[in-house]
Structure formats: C-alpha cells, structure tokens
Amino acid sequence: MTKDNKTLSKLDALEAQSVYILREAYREFKNLAMLWSIGKDSTVLLWLSRKAFFGHVPFPLVHIDTSYKIPAMIEYRDKLAREWNLNMVYGQNKEALARKQTFPEGAVDRLTCCKLLKSEALKHTLAGDWTRYRMNHKTGQYEEDTNTEPYTGVIVGARADEEGSRSKERYFSPRDRNSEWDIGDQPPELWNQFKTDFAPGTHVRVHPLLDWTELNIWEYIERENIPIIDLYFDQGDGQRYRSLGCYPCTNPVDSTARNVSEIVEELRGGKFSNIAERSGRAQDKEDGGGLETLRRDGYM
Amino acid sequence: MTNRHEREQMNVVIVGHVDHGKSTLIGRLLADTGALPEGKLEAVKANCERNAKPFEYAFLLDALKDEQAQGITIDTARCFFKSAKRDYIIIDAPGHIEFLKNMVSGAARAEAAILVIDAHEGIQENSKRHGYMMSFLGIKNITVCVNKMDLVGYKQDVFEKIKAEYSKFLDEINIKPDNFIPISAREGDSIAALSSNMSWYQRASVLEALDNFKKKAPKSEQTFRFPVQDIYKFTAQADDRRIFAGRVETGTVAVGDDIIFLPSGKTSRIKSVEGFNTEPKNCAFSGESTGFCLDTQIYIRPGEIMCKKSDRQPFVSTKFRSNLFWMGRLPLVKDKNYKLKIASQHIPVRIAEIISVLDASELSSIQKKNQVDRHDVAECVFETLKPVAFDEVVNVAETGRFVLVDNYEIAGGGIILAPVFDENTSLKKHVRQREENWERSGITPQNRALKYQHKSALVVLAGQMDVGKQRIAKALEEQLFNRGQNVYFLGLSNQVVQDSVGSNDKVLNKVDYIQQLGELSHILTDAGLILITSITDVDDYELKILKSLTHPSQTLVVEIGQSGLNTAQVDLCLDVGVEPAAAVEDIQRHLNKAIGLDPEYAI
C-alpha cells in the first residue's frame, strides 16, 4: 500500500485513535467488557478490537436481550460469536418480563420499558448481581456464567454526533456506584491521557468511537468489508433500518439502499444528510429530545 | 487507501471568557452554513416562543437541560459542519473558570482555536488565561474574534484598542494570531461573509479564517518515538507472536532497523510490522497504532519508549524541570506521591522544588509559594521514583508532556523544559543520612568475618512466578547452615503487592517493599549474616536500590529462567526446572568468591 506524503487518511486517523483507546482500556482495566448491541456502531467497535489485538478479542462481549429484539439480530449475534470465537455474554431483566412490565404488553410507557428492559438489565448485568449467560463454544448453547465479578471498564460504541448529550462524553467517562453520570464534573482529558484510575465501586465507560460520524462508520464498513446485519439494507420493499432497536419502538425508513456503498452514497449527498439518525427511535422523543434522562440513568 | 471522496477534517476549539458569546458564534456558524438538521432552528425558535423568552443562537447548542437552566456552557460539546474546503469539528469550550478542566479537555483535542472577546466588556481575566492555555497546549493556529460589535456601535476604534492590548499580551506568551476579526455573532456580521455594518474591515470573515488555518505537517520527518502501550501474546488463541503494541508518535521505522528501549536500554531489531486485515507492511509511520515483532526475545514492561539506535535519543533521568498547570481540587504539595503519566509510562512522582508560581490571568504576579493551588501555573522540578524516558517539549511534544494524577483524577498537566541530572537523589540522601545516624558497633565487620569464617552477603533469587525460587533458597540455607555458616532465609514475600491496586500503587508498593527489604538486608548483613531471599519479577532499577541499601555487603543475584534482567546485574543464570541440589552447588561456587575471607584477614 502506498501512502502519499505519509499522512493518515481520515479513516486511518479515526481507526488509529480508536485502537489506541481500546488498548489503553485493555491495559488498565482488569475486568473489562464491551457492549455489543449488534448494530453497525458496536460491530465496527468489535472489528476495531480485532485490529487492536491482532485478530483477537480479549474481553467478553455483553449483549442486553430485551426479548423484543428483531429475531434476525440474535441469529446474527450468535453466528459471529461462533465464527470469531467471541467470549459472548448476555443479560436480561427476567423479572420484568415475567411480570409483563413492558410497553408492548401495555403495562408501562415507552420510557419505563426502556428503563426496565435496557437500563436496569444493563446495570445489573455489568454489576454481576443478575445472572449472566455465556456461550459455551463446545455446545453452541448459552449457560449461566460462573464469573459474577463486576466489570470495572465497559467499552461502548457511543458517537458524539448521535444527539446532544453524547457530544459531551469523554473517551473515558466515570460512572458512580449507581451507574450515574455527573455531566457537570467530568474528568479532564488531554494529550491522550485518560481517566484510567478509579475508586473502588465505580466503573468507567470507554468510548472509542466518539469522534466518528454515521458516514465514517459506513465508509469504514465499506473499506474493511465488515459483515453487517442485513436489516440495514432494503430487501426489496423500499424500506430499511437506519438504527436498530426493539421492534415495537423502531421503525424502518424509506430507502432503496441495498448495500453498503449505496448507504454511503445516500448519506454523503442524499436524502438523510439533514435528518437525525435516531429519528426512527420512538423513545428519544418522549425524553424531551435529549436522551439525557435515560443516559444519566445508565442508558447507552 | 485514500478515498477519492475524502475531505480534510479539522478540530477547532472556541474559547473565551464567560458570556463573551462563544455558543452564539457557533450557533450562528451552523445556521449560516446550513449545517443544522432540518427543522432544528424552527423547533428551538418555537420552544423559545412557548417559554416566552427571546431566541438566541446559543440555544442551538445547549442540548443539556443544566446548561439551558443556567445559560452557560458547562462542558465542551462538539458539533460538526462543513465549509467548501473541509469538514470541521467545532468544540465549544466553557468560559467559566470553574470549568477550566473542561476547557482544557476540549482545547487539547483541537488543531486551531478561536478566542472570543466581548467588545463591550473588553479583555477579561479568562481572555488571558485561555490565551495562556493555548500556548501551553501547543496550539499554533489562532484567530481572535472581537464579538458584540453591535453593542459598541460597530466602532473601529473600540476594535483597534482591544486588538492592540491583546496582541501585546499574546506576544509575551509567543502567540501570533492569524487574524483579528470584528464580529457580531448575534447579528451575523463577519461570520459567513463580511458586513456592511463594518465597511472599515475588509479582511477575512470567520469562515474564511477557519479555511485559512493550516493543517500540521506530518510528523514522519521527526525522530522516531514509539511508546510501548502493551506487549501481547495470545498463546491461548494459538497465536505465538510476541507483539509490542503502541502508536508511532513521531517518525518512521522499518523492518531491519536497530532499536533501543528506554529507560531500560535494551536493544533489538524490528522483525515484522503486524496488523489485522491489512496488506503486509514493512514500515510504520507517525500516527499509526500498530505493533512489531522483534528479532530477539527481550523483556520490557509497557511504558518504555522504543527509539531507533541511529536517532537522537530521549533523556533518561529521575528529575526534570517543567511548566505545569494545576486543576485539582486539592493543591499540589510537597512530600506527597502523585502518579506521573508521560506517554505510556506511569510512575510515582514528587515535587523536588517549586521554582515559581504565577496566576495565569496576571502574568506579572509571580509569587513565592510552597504549594500550587487550583488554576495556578508553576515552574517545578519533579523527581520520579524510578528513571523515566522523556524529551524536551520543544524537540518532541508527544514525549515531552505529562499529566499528574491525584486521588484517581488527572489534576495537572505539564510540559518538560529540561532534564535535571542530579547526583543527589533521594535514595543517596537517605543512605547518607542513615550512615550519619547509625551508631556503629565496636565489633568491626572484619572481626565478625574472622570469627564466623565468612563475610556477610545478600543472595537474591530472582525470576518469574512459580520457577522454584523459594525451594532453591531454602535448600541453599540448609546446606550453608549444615556447614556451620551463619545464614538466614528471609521469606518476606512481595505478594503483598496486590493485584487489586492501581498501577501506580503497584509501583509504589513494590519500591516500598524493595526499600523495606533493603533496610532489613542492611541490618542483617551488618550483623554478619548470609541473607537469602527471593523476589518475583524484580527489575534492574529495583535491584540497584537493593544493592545500594545493602552496601558495603555484597549482593549476589541468581536469576532462575529469563526474567528480563540486564545481564550485567546478574551473577548466575539457572534454567527453570534445575534440580535444587545442582542449583545449590552452582550458587555456592559463586558465593564462595563473595564471602570467602581475603588473604589480609589471615594476617
């Protein structure tokens, strides 16, 4: 590969910074995990981990299964987990599901449903006080995980351009004992030195994708040929998902983009260049547009 | 792979005193360049109408409720917009002094800065402080906007007065701004285009000034610096490569280049450049996060800087002189350990000397202080617990600056002005003091040696975990004891150095432990004993500490298996799995030379 002038391209520079952050996290946190939502961003994050660790992913991948995920997402998750030999773990709010405290079943509103099935499940799965299910690669089945130690470092695929509150995140962002985020008092970050020291009981969220835009993500998927779930592509009915979530609260957008390069074209000059990416996500609108209430509470 | 669609990107920070109109300027830039999502402007305007408050462009940025309530920016927010020339990430940095650490975080990511000054209020405390911080952070591209010109009737003399005064200040701290622009962010004057309200100003608009900022030249021409972030070996995944991972901060390196790691001084040669899902490469250049395999098997810890043998090399010292700014809630004080992070090295550090402290808003007021308070800037000498490798910031910025961690938080940032090579280290001071305060026994070491028929010594068995160090140590003790020698096995394990503590505390605990061991060793060898001990994972510098504390008695170092020690430090190397009896024989042969009585003892 020849590089003119030895200057990194934009994607190379983004990749180098993300890899640097992932390695810092791996060096400093003994109990490290990565959240994998199966969406395009955290799948790019997973790919970047394989870049950082030369083909390996040396920490568990955690998925929060609300039971309302589009079924193809779970199939895709387990397929990649097997192919890439991933240490795959999922958690779930069994109690809320058993008591039918969900929006689709009519018991609670959208925001409460998100809080119960996502935020609560996430909080307790990370803390290790709710059961974690880990894939046994010999049988291909999930089993109760014997490791119940809390994760002290959690890698997340949040991007600054997604919405207001995410634009204020640090690369390394501490959460207190209650997973709360003190936005007014965040640690300084300078010269690629991050907050890697933390008091017992607290944990740190790591955001390697902070500087990436939606377009960068798709350009990188195209360049690296990353296998991405086909819900993002038009299957012939003129619709595709732009952002993935639970099926009762996520709507596809009108688009005839059938593959990655068509999505890149669409974002570059086309119809979505001025419409928010999460516009298909109903819960954002109930949170005053900022996602802030959910995020303070541990939502990713 | 350069994409033909690829556009240049630049991070620009907007700084200035609180209320001087930074957020308004950004809101206006977004609105006037068509960067807002559809309907956003209308939504915010409608919201203002509903709440019966006048619309402001700053509201476009204040996504967080806290900020809307207080009407000030608390933390840096990033927003994205494009000009015809390139893509920008605009960082809105808070102006309030209380949020200096947030301002620094935003500005440290930027390649260029716009400093905003209110024409009506003039130059304020933070206008100067922020200017000073820009110079500290090494930001060279700077444009000054004199805002709210509408409030002073667009008068040129107001603008010229501020320009003259502020230029003089910036000159003192070596900043030469590219532009001074009179603007009104609220009215949109000189933002995307020049305005008829100020026909006396015919130079760049803010948008033009942004496009005129120059990207930094690639750092590939500089000396090669590769701070080792980590060393990977994924043996469990059937991967035998031993990869030195990190980011090339400056310079280039190629397969076959001779390299040296500092501070350890170990050398090797680049065997391969490693990567995943890339074409094979035989060189790496500045900015790349990459990894290397080496020709020889060497042991170093993360944090060392890999350099080319042919290049000018960084300094290695335990002391350096620096400029520092402090953001911590608690002041920076003497006689306290902090954690120094410099490139990928983490090491305990203390202040050796506070040379001067100044308030960055009033550069003239230099005070004689015994501590560095929050928001102070100071010139200090620091002393690290172990030697570190670094450059002077003027030569290589990436390895010439550091942060200090206090109580889990990054509390200060600094740039290194020069190394200090001082023979008077705290260890030497300590040994000298110990000698002065030590009331010596009337029985001399020579008398004891004659009586016991051997000199005293310390035998250190070094090596990785579980290589049988203790078993050999005890077998050696038994053999010497049976021969009637005065011997003692000291089983003070360094397992007290727990895994659970942070990396800094680990280094601190380890050095504490070595010092404790050294003091015990000094007493016991002074009493004429042969002292035997084993240490897991000891490094060259720790052995040096141990040796100087044990002096004048000799120290014999036996390494079991390879543990990364410099061969000059080691008296005897044994293989892992050696029979204890055979090991004892070997060690005794070496020990006899160390403890055997000199001929003059017989006289």
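Biologist: What is the order of the strands in the open sheet of five strands in chain B?
Modeller: This is a predicted model in which local features need pLDDT of at least 70, side-chain atom pairs count only at pLDDT 80 or more, and totals for chains, interfaces and linings use all residues. Residues are numbered from 1 along each chain as its sequence is written, with chains lettered from A and ligands numbered from 1 in the order in which they are written. Pairing (at least two DSSP bridges between two strands) is parallel in this open sheet of chain B.

Biologist: Which are the edge strands of chain B?
Modeller: An edge strand here pairs on one side only. From one strand to the next, the twist averages 20° (between lines fitted to C-alpha atoms, on a scale from 0 to 180 degrees between N-to-C directions). In chain B the edges are strand 23 (487–489) and strand 26 (572–574).

Biologist: Which residue of strand 25 of chain B does B:Val460 stand opposite?
Modeller: Strand 22 (residues 457–463) and strand 25 (residues 554–560) of chain B run parallel and are joined by seven bridges. Within strand 25 of chain B, the residue opposite B:Val460 is B:Val557.

Biologist: At about what angle does helix 10 of chain B run to strand 24 of chain B?
Modeller: Helix 10 (residues 469–482; helices are DSSP H or I runs of at least four residues) lies across strand 22, strand 23, strand 24 (530–536) and strand 25 of chain B. Its angle to strand 24 of chain B is about 175°.

Biologist: Within what arc do the buried residues of helix 12 of chain B fall?
Modeller: Helix 12 (residues 540–550) of chain B has B:Glu542, B:Leu543, B:Leu546, B:Leu549 and B:Thr550 buried (20 or more other C-beta atoms within 10 Å of the residue's own). Seen down the axis, they line one face of the helix, because their arc (of directions from the axis to the C-beta atoms) is 130°.

Biologist: Why are helix 2 and helix 6 of chain A described as they are, and what is the word for their orientation?
Modeller: The axes of helix 2 (residues 40–52) and helix 6 (residues 214–224) of chain A come within 10 Å and cross at roughly 50°. Residues in contact (C-beta atoms within 7 Å) include A:Trp47 of helix 2 and A:Tyr220 of helix 6. Angles under 35 degrees count as roughly parallel, over 145 as roughly antiparallel and 65 to 115 as roughly perpendicular, the rest being oblique. Helix 2 and helix 6 of chain A are therefore oblique.

Biologist: What percentage of the 603 residues in chain B is buried?
Modeller: Chain B has 13 helices and 26 strands. Its C-alpha atoms fill a box of roughly 105 × 60 × 45 Å along the principal axes. Of the 603 residues in chain B, the buried share is 45%.

Technical notes
A residue is buried if 20 or more other C-beta atoms lie within 10 Å of its own, exposed if 12 or fewer, and partly exposed in between; C-beta atoms are placed from the backbone. Helices (H or I, at least four residues) and strands (E, at least two) are DSSP runs, numbered from the N terminus. Two residues are in contact if their C-beta atoms, placed from the backbone, lie within 7 Å.
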